[in-house]
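Reader: I am new to this structure. Please take me to one spot and look at it closely.

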Amino acid sequence: MRLAAPFGSLIDRDAPVTFTFEGRTYQGFAGDTVASALAANDVWLISRSFKYHRPRGVLTMSGDDGNTMVQVGQEPNGLADILPIHDGLAVMGQHYSGSLVADRDRWIEKFSSFLPVGFYYRAFFKPKGIWNFWEKLVRAKAGLGRVDTSTPHGYYDKAYAFADVAVIGGGVAGMAAALEAAKADVEVVLVERQPMLGGSLNYTRIDVEGTSGPALVQELLGQLRAAKNITVMTEATCTGWFTDNFLPIVVANRMVKLRAGQVIVATGAVEQPAVFRNNDLPGIMLGSAAQRLIRIYGVKPGQRAVVACYGGTGYGVALDLLDAGVEVAAIVDLSATPTDNPRRQAAVDRGIEVLQGYGLREANARRDGAHLAGVVAAPITGNGELADEQRAIECDLLCMSTGWTPAASLVAHAAGEVSYAERSGSFMVRAVAKNMQVAGAVSGEWVVDAAIEEGRQAGAAASGQDANPVPVPRAPDDRPPQPWAIFPHEKGKEFVDFDEDLTVADIRNSVAEGFGDIELVKRFSTVVMGPSQGRVSALNALRLVQSHAGRPLEGARGTTNRPPVTPEKFGHLSGRGFEPVRLTAMHDRHVEADAEMTVAGAWIRPAYYGADREQALQDEVMCVRNNVGLIDVSTLGGLDVRGPDAAEFLDRVYTLSYARQQVGRARYVLMCDQSGTITDDGVACRFSDDNFYVTTTTGGSDAVYRTMLLWNAQWRLDVDITNLTGGLAAVNIAGPNARAVMEKICSEVDLSAEAFPYMGVRLARVADIAARLLRVGFVGELGYEIHAPAGMGEALWDALMDAGAEFGIKPFGVEAQRILRLEKGHIIITQDTDGLTHPHEANMAWALSRRKPFYFGRRAIAAQMKRGLTRKLVGFTLAEPDGPLPEESHLVVRDGEITGRVTSIVRSPTLNRPIGLAFVAPDQSETGQSFSIKGHGGRMIEALVAPVPFYDPENSRQEM
Amino acid sequence: MKLMPCPLNGLRNISEFVCGGEVTEMPPAVTASDSDWAAYVFMENNAADVVREWWLHVTSGYWFIAERHTASDEILRTYPASELFPKRFDFEPLDDPTEDQGGSD
Amino acid sequence: MPFGLLKYGLSKSYPADPLIPPETELKSTYDLVIIGAGGHGLAAAYYLSRQHGINNIAVLDKGYLAGGNTARNTAIIRANYLTPEGVDFYKESMALWEGLSGEFNLNLLYSQRGHLTLAHTDGALRTMRWRAEVNKHMGVDSELAYADEVAQLCPQLNMSREARFPILGALYHPPGATARHDALAWGFARGASDRGVEIHQNTEVTGLKIDAGRITGVETTHGDISCGKVLQAVAGSSSLVAAMAGIKLPIRTIPLQACVSVPLKPFLDPIIVSGSLHVYIWQTARGEIVMGGSTDPYSLYSTRSSLEFKEGLMMHVLELFPFLGEVKLLRQWAGMADMTPDFSPIMGLTPIENYYIDSGWGTWGFKATPVAGFRMAECIATNRQPSLLEPFALDRFDTFLQVGERGAASVGH
Amino acid sequence: MAQPTDHKRRSFIYRQLVSAGAEFTSLADAAVASRYRNEGDARKLGIADLSPLPRTGFKGRQALDWMAEQDVAASPHNNLANLQPDGCLVARLADTEALVLSDLEAKSTTVEKLNALEPGVGCYPVPRGDTYFWFVLAGIHAPDCLLKICGVDIRPHKFPNHSIAQTSIARLSTIAIRDDRGSTPAYHLLADGTSAAYFWSAVLDAMAEFDGRPIGLESLIALN
């Protein structure tokens, strides 16, 4: 039922909102959460528990528990108590079979005595493999919300933000901290997860009249509005602390990543439930939850209430209940003796019966089991012990105000110290990281004025106005420590962890199993592992574990607190999902030519042109062999190495030697790593004494470039290295007609074999585009690589295609190139080599200079050769050319032993027979030797070692 | 995210950088024993202590040295490589270089 | 109602048989001290006492039982490695795994869901076929699955050709399994202590006593111990402990992070791994999605969490499963991985006599726990390098002899 | 009206510009998008493609000295740009490297002049006109927009005019130079030309929330 104003500070009664829950239509107001709106409609059953499917409802009203998890549209596990409603919102309960009200899985609880903590470790494993059967049943019952595989990829993004001082928590302590910090000329950001600032003063009652709290908030709000350099973020959740004060803050569909010089944690405290039989029934909630319902949402939390408490807070709850028209049947005060507190006096004056020194034995459910019907209280005779005499009290609402724990997650993430203190009967922040301050309830300061003062001091310290703040002069904390609000019951069902349905016995039994450490109890019992991550269970769990394990509570730590503070959507973490793509200057020409594109790291390249792959490869290969083809090789890396020491530098980096290389010539380059493994290759073109242009493999340029920079930072040679990869478009025009085509558009250089021989390089204009001409070729035909400014790449491509049109020039893709190079016996690094291949294994001893004191891998290669070769890369053909074709990576096997593998194989269009490269044992590597390949279905295929190149062994074609 | 004080670019998110591993000394390239060389290539101090490391600021292609504590992740100091490597380094030549062409044109 | 549970309902006394033995006083001498009460150390103790009758053993840990990588790993078990030596080794491990629940009388939730290692490039496809061929040849069940088969094995995957990194195929490993990582350690702990082995938590080794190249004892925070032999099994601290013995290792210790979602109803059966996207993902019996990726970018002795890890991982998880955007991440954590140059462990004898090492597990030590314990026990009992461990000996690096797993280099687990 | 394909040198993304309704004008040796149908509001937020405009770079131990000898003065500090009398901008990226950007109307001849010379040992030209695309993000929302994809604090009060950030923007290695147009914040963005199409769409995505759209060179010049 709704209460009249001024109750309901957040709801807009002029803005009704219609939504559905479990298919039924309900009405709430703008500002309502799902749970508050349902409560206003007297709907208290919101969810079902994880293990026993017990009815669950509102507990904290602050999103700190997992009792109100619902399915909201395509979002599973939404928290109804903080999830705002809007028109048309469709909410469903989750984790039940049948309906939420009549959950057919309630039977499971009947067997609870057979399902002790960790029961699944005790059974379902005999005979061997049977778990695979049982697991399906367990899995079906486990889990909570459903994920809908048709859920669209929502729009989430991110933004960076910066502040000198970030204040997390917009309660009075946080507000005061922000105001004080802002007095220094610094940027302050104040982050509050609720829609409004003020924190607990928006709902708790700190005085008899219940007016001073709201007044204080208004005053501070006024000052905040006046301050210029404070940015206030509401409905903004800081989900964690990361190194150097990097704070993810979730706002709507964005994750803001706030970098702060100083962080002030003013996140307050979380009220803790009492532990007694049936303490999880709907209708049993925290005192603060009832007050949130009354004051923030204007909802009457029940008709007849009992308040369990100690100290003053609970009496404030009782007064609020009375003001809200709730009958307060009794106050169960757990403290042995009355505290002298005006709110207590007022409650007594207003005729509320106080059961002093009483505890809670049990709660009883309504006949349908879905709501609280009454509680049984009894005098406390010791820690968790109750006298036999007892009082049964009818009520539909029980407010628990029996203790708090600081919301210190951020302090813990920053490796501050949080541990149990007997003095307060709760966790306490003992130490905080540098560049972090704490203020208010999170630091154990409950007195409002002192919390504000503490906030001011934190703000001053954080903004550098006060380097080392003196500890806040606190009024001597005369409050008694929080009571031991755990009352075991012989019949059990006293829930310590609502997420996991764990009772006192479960914790006790975990300790009895030998798990003395809270971390081990967690792993065995899953306590604090559920959706609320121990926010309302860690305190009671630690109390029980330490007492049962006979370990001291003072100074005891809970389980490690890790991010996120509250669950984060994958979408928020992913954001837009930036994944850079590199396209060559001719990319669109390929697409226009109907190329099938393929991903090569960051690059996207043409695999082949046309729809029919087989035909395309055949045509492309034959066009290169018999006519002329054009391939885009812009993805090859290009590095300029310039300076007097350029040759010396290449000598140290690559395995061959370059000191004597002539200007105008290209020479192969091979790079190994320090362990002797081949890592990259290309050619080095010497355009002048102190200028080499070096190419790398596709995707290799960054690594090679970085390696060069790193080593020259140590060698200090007089060279400069520039990565031109993206800046140069490159094509390879190859085939017997390549020269004829080139002569049409490149008149500056004599292209004749004599003037511009194989492995020659020139600078010349091609189609009036300044270019580097390389007479090198991977494909084994007369050919030219043309490297030209990327901005003119498309024009270059067009010019070559036009010039070649009369010859029937065709573009060819990476796949045809792979075939062509294989016919020519060239290896592809990372295809024909692997993570350990050294040059000798790849038949490249010829590429290893023996007159240099150093190149990467020199010593490692020599050392490995002392062991002798263990494998060798050879060319091969098949004994039955028309027999079945093995595939790449099929194994070479001898007497059951793996001696190698096929690295490349193809049925050569040119030679019209299978050819390939394979690793074999050294003693099977002589030309003509036969070896066996284990093909499809394990069928052995005989192969014969063949000399490479397979095609044009005299190299007459590429040198013509 | 951790911040790295780059000598060239100032305080930056560490995701802008690549760690090049500990700064180690190369044994004499020609005269060192195989096992010394193996140790140089494979073995790591991997100490839980302040370690001198190579770091690269990727966008600017700038390698520098950082002194970082590998347990606390605290970066105590960063500076240009020239501070550790002030002058040109040359390898002592092979005593009798075999007369091969090291590959042919 | 399985019989195993009846007794709990019918008897008031709990528990029938405590999982973890009560702590005892630390003695001043043992035949063997095992440094590290994680899965590997406990497994070695278990098999030493069970197979070799050696039980005068103290297993020491600086923290709580199995609180290191045993409690922080990906809980994935597979044998689909690339090299014959690797496959042989993990094959034996899986064989042991299958019998452990019965042996321990403890359900390890060993669950064979099938394991898919996705290939997004033809190069990766080639590597997957290579692994499949080696696996099959060695008697391990693996097959190369092409896109259409992958779509059938895991219909939830985004198989769009338009994806930034389209899925071309996968290495399918039907016996790929998961298990309850903590339970494994408890089983070995109980099994070992039933045979007389002592486990001492919160007992840190601060020094090693070495006399003429021979180990003679250890110094601990609870006093010195003299012993004939010492095994170090301390993933994440291998270099630091080895340094006490004057041994340098080819190891870089790098954090490996992982995270878990809020529980969901079952929607994902197999284990999905993508090397190029650095993602592994599977759903636990509780319904949580367990996810991880590659190791952190630089070495660090810390289990701190980082935001950038989650950001990168979730970006790629959503590429594979675009419909998970509304699902929530519950918790993240980190372990410390000892990375070796050849992505293979370092096990067996060391230059120090009677000092044995079990290290270098990188990101995949969990699945090897039984076999590592079994073979290290043999190594310690016989003081000889078992043939199965030959390829993984520390001295391999002296001669630049690396294990070839680097060929399959990608996110492992 | 000129077409991008009238010239051999073309913007890396001229097709995207055409489909965005660009009209082109020939400038130097290429065609630049001078205006758009349904053009964005340059004062609020717009992005312009200046890739066709002249620019160059020099590297090497002597690079800065050599440029000084040509009366092209780089800033004494790294990561700071220096406006030259003829309107071109010299961005000092390191002790050994600088970038030279033409003025928006390409009146400056500095780039042309420098490229014509042949510096000696220790100073090496780098064809930045080809290695980098060149976009300008301008408007009062430009800082907020950049903060969605850039981790460096480039807000005007923290990042003075002519400051340079060599950083990762939308996960692409980018050089960002603040160079306000009159009172309007503006940032030159230069990065690997082969990723121009990717970057263009990533920035437009980030601009959408501010109703940012492509703008032509004309409205960029008009901002002064």
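Reader: Start with one residue. Is Arg642(A) buried or exposed?

Author: Arg642(A) is buried, at 7% relative accessible area. Buried means under 20%, exposed means over 50%, and partly exposed lies in between, all with a 1.4 Å probe and protein chains only.

Some ground rules come next. This is a predicted model, in which local features need pLDDT of at least 70 and side-chain atom pairs pLDDT 80 or more, while totals for chains, interfaces and linings use all residues. Residues count from 1 along each chain as its sequence is written, chains are lettered from A and ligands numbered from 1 in the order written, and side-chain values use heavy atoms, without hydrogens or water.

Now the partner. Arg642(A) and Asp720(A) meet through their side chains in a salt bridge, 4.0 Å from N to O. Strands here are DSSP runs of E, at least two residues; helices are runs of H or I, at least four; both are numbered from the N terminus. A salt bridge needs a side-chain nitrogen of Lys or Arg within 4 Å of a carboxyl oxygen of Asp or Glu. Asp720(A) is buried too, with 8% relative accessible area. Elsewhere, salt bridges with shared partners form one network, with Arg54(A), Arg56(A), Arg106(A), Glu109(A), Asp280(A), Lys493(A) and Asp501(A) as its members.

Arg613(A) and Glu614(A) pair at 2.9 Å, N to O. Arg613(A) is partly exposed, at 36%. Glu614(A) is exposed, at 53%. Over all chains the count is 109 salt bridges. One of them links Glu596(A) with Arg161(C), with the closest N and O atoms 3.4 Å apart. Glu596(A) lies in strand 31 (595–600) of chain A and Arg161(C) in a loop of chain C, so this pair joins two chains. Glu596(A) is partly exposed, at 31%.

The whole structure holds 59 aromatic pairs over all chains. Trp715(A) and Phe854(A) have ring centres 5.9 Å apart and planes at 80°, so they are edge-to-face. Rings of Phe, Tyr and Trp (its six-membered ring) pair if their centres lie within 6.5 Å; planes under 30 degrees apart are stacked, over 60 edge-to-face, and the rest tilted. Trp715(A) ends up in helix 18 (701–715) of chain A and Phe854(A) in the loop between helix 21 (814–823) and helix 22 (858–866) of chain A, so the pair ties together parts 139 residues apart in sequence. Phe133(D) and Phe135(D) give another geometry: centres 4.2 Å apart, planes at 25°, so the pair is stacked. Phe133(D) is buried, at 0%. Phe135(D) is buried, at 0%.
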